[in-house]
Amino acid sequence: LILNFVGSNSSEDLKGKCLQAVKAVVAKCNDLFPLFPLLRNSPPEIQKYLLKQFSAVLPSDVEARREFVQSGCLQYIQELAENKADNLEGFIEKINAAYPHEIVEYYSPSYGKALLEKIDE
């Protein structure tokens with residue numbers, strides 16, 4: 001579906017139907033693990049629906065939160081947040097709220113710079 005959505009040969013009608021199908025499938029998915037690889041490889045239009053589902057499930061699922069960190073998704077959304085990804089900020093904030101502040105800070109791209117600055121002080 002995603003390949004058809006981003007395909008240059010796909011008609012606008014096909015792209016619209018693919019987007020609606022992805023939206024419906026992702027909304028029904030309570031096991032988030034299969035969705036993790038899609039986050040990095042999807043365009044922002046689809047990332048929005050993935051992040052919406054993550055933000056709905058992660059606050060109440062400890063194992064999913066752990067897998068989200070281990071898969072690198074938490075770090076990736078911190079990169080998205082730093083790049084000011086449009087329409088994703090609200091979902092990213094809700095996901096970040098499911099984790100202790102220290103973990104979110106650790107996975108942010110600016111964490112290494114902040115540590116180096118503390119050494120220089």
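Visitor: At roughly what angle do the axes of α6 and helix α7 cross?
Guide: Helix α6 covers residues 73-82 and helix α7 covers residues 89-97 (helices are DSSP runs of H or I, at least four residues, numbered from the N terminus). This is a predicted model, where local features need pLDDT of at least 70, side-chain atom pairs pLDDT 80 or more, and totals for chains, interfaces and linings use all residues. Residues are numbered from 1 along each chain as its sequence is written, and side-chain values use heavy atoms, without hydrogens or water. The two axes (lines fitted to C-alpha atoms over the stretch in contact, with angles from 0 to 180 degrees between N-to-C directions) come within 10 Å, and they cross at roughly 140 degrees.

Visitor: And which residues of α7 make the contact with α6?
Guide: Contact means heavy atoms within 4.5 Å. From α6 come L74, I77, Q78, L80 and A81. Their partners on α7 are I92, I95 and N96.

Visitor: Let's zoom in on Q78: is Q78 buried or exposed?
Guide: Q78 sits in helix α6. Leaving out residues up to four places away in sequence, Q78 touches N96, V104, Y107, S108 and P109. Its relative accessibility is 7%.

Visitor: What separation do the C-alpha atoms of Q78 and I92 have?
Guide: Both residues belong to the contact, Q78 from α6 and I92 from α7. Along the chain they're 14 residues apart, and their C-alpha atoms are separated by 7.9 Å.

Definitions and conventions: Helices (H or I, at least four residues) and strands (E, at least two) are DSSP runs, numbered from the N terminus. Buried means under 20% relative accessible area, exposed over 50%, partly exposed in between (1.4 Å probe, protein chains only).
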